[in-house]
Amino acid sequence: MKLLTRRKAFSVFGDKIPQILVGMASVSLLSYLSKKTFSFERQVSGQGLEILNESGDFLNEVSRLKKLALQKKSNLYQPPTDNDLKDFNLLANALIFLDIKGAVKKANALNYELVRFIDTPSKQILYGLREKRVRDRPLRGWGSYFINTSSRANALVEVPHIIFDRFSEEIGAKAFLMSAARGFLIAGAHRNANGTGTADVCNSISSIFQEVHKAWILSRNKTWQIHGFSISTKSNFPDNTQSVLSDGQGRISSEVLDLGLRMKKRGFQSHVYNELSASAPLNRRLNQGVAGKTFSHLGGTHNVQGIYCHSVGAAFTHIELDKSVRYKATNRDVIAGVIADSIQEVS
């Protein structure tokens, strides 16, 4: 595998790049790597700081991260301190601006690793932040974060409810790659890791997920956030509802409008939470005359990422997908493509 070639990445190592350390990994590291499905290299800077080189299918990497996420009622999630939040915001800022030397130093101080990951199917080069692990387990459940160095869309794709919203990480990762969006954020713990709502990054402003979101939104990136629901628990919804879209404020944004129409065109029964009257032409077009307020429960109006987006003038699209969409592989592929097409169109 080739060494880093991007000009930004060379700054991590200075003028002399040491040889790749082979055969010096610890037994625990070897055990960790043996479970990966992609190639791996490690480089060490003159300051002893590491950046990892990996290649493989990014979808497999995301699946691996999901398996490592903290489970429901594991009581392993560690809420970040105020200093952790501040320091991670600085780290996220360094990475989004490709300050690789600064990012690797800040990541090391936070017990994170910086990885340069080549998605072999698409050839896209990603830089990612992942928690350093002991025995394959995250230390704190703070999540993983990736940027695309050759993105074609000023967009973030976010997966805040890993495990809880089944298959949301797969759909999000596919939409991220297919759209060549700027960033991908994936939570590191079940939302109820320490009890109900204790690790829900959509409800707490004090999460690492939120700090990365804030840092990367300031680069004028729009946000698409993937969630899941079950129509069986929504007795007031039309029986065939497969998706509920929202901008988090009850308005029909250009992003929500574009995505809603694309979903309908592909045969998905999509609805939009909005505050228009049921008879308003735009509501009739999107909701077939069903009042938009019917879907308020899935409107994401208290979502802290959405609230922050609106506070800085950035677009936020909250996407709820029923099990009928998420639990069927062909539907997951199609809906990821629809989301990706919409991202490229409006970003």
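Is arginine 251 counted as buried, partly exposed or exposed, and at what relative accessibility? In this predicted model, arginine 251 counts as partly exposed because its relative accessibility is 48%, a value that lies between the limits of 20% for buried and 50% for exposed residues. The side chain of arginine 251 meets that of aspartate 247 in a salt bridge, with a distance of 3.6 Å from N to O. Aspartate 247, by contrast, has a relative accessible area of 2% and is therefore buried.

Side chains of opposite charge can pair when their charged atoms come close. The count of salt bridges in the model comes to 16. One of these is formed by the side chains of arginine 130 and glutamate 54, for which the N to O distance is 2.8 Å. Because arginine 130 belongs to strand E4 (residues 124-131) and glutamate 54 to strand E2 (residues 50-56), this pair ties together parts of the chain that are 76 residues apart in sequence. Both arginine 130 and glutamate 54 are buried. The two residues also take part in a network of salt bridges, in which Glu54, Glu61, Arg64, Glu113 and Arg130 are linked.

A further salt bridge is found between lysine 66 and glutamate 169, whose closest N and O atoms are 3.7 Å apart. Here, too, distant parts of the chain are linked, since lysine 66 lies in helix H3 (residues 58-68) and glutamate 169 in helix H6 (residues 168-179), 103 residues apart. Lysine 66 counts as partly exposed because its relative accessibility is 26%, whereas glutamate 169, at 4% relative accessibility, counts as buried.

Attention now turns to strand E11 and its neighbours. In a regular strand the side chains alternate between the two faces of the sheet. In strand E11 (residues 243-246), Ser243 and Leu245 point one way, while Val244 and Ser246 point the other way, and all of these residues are buried. Strand E11 runs parallel to strand E12 (residues 270-272), to which E11 is joined by 3 bridges, and valine 244 stands opposite histidine 271 in E12.

Technical notes. Residues numbered from 1 in each chain as written. Predicted model: local features only at pLDDT ≥ 70, side-chain atom pairs only at ≥ 80, totals over all residues. Heavy atoms only, no water. Salt bridge = Lys/Arg side-chain N within 4 Å of Asp/Glu carboxyl O. Helix = DSSP H or I, 4+ residues; strand = E, 2+ residues; numbered from the N terminus. Buried < 20%, exposed > 50% of the residue type's maximum accessible area, 1.4 Å probe, protein only. Pairing = 2+ DSSP bridges.
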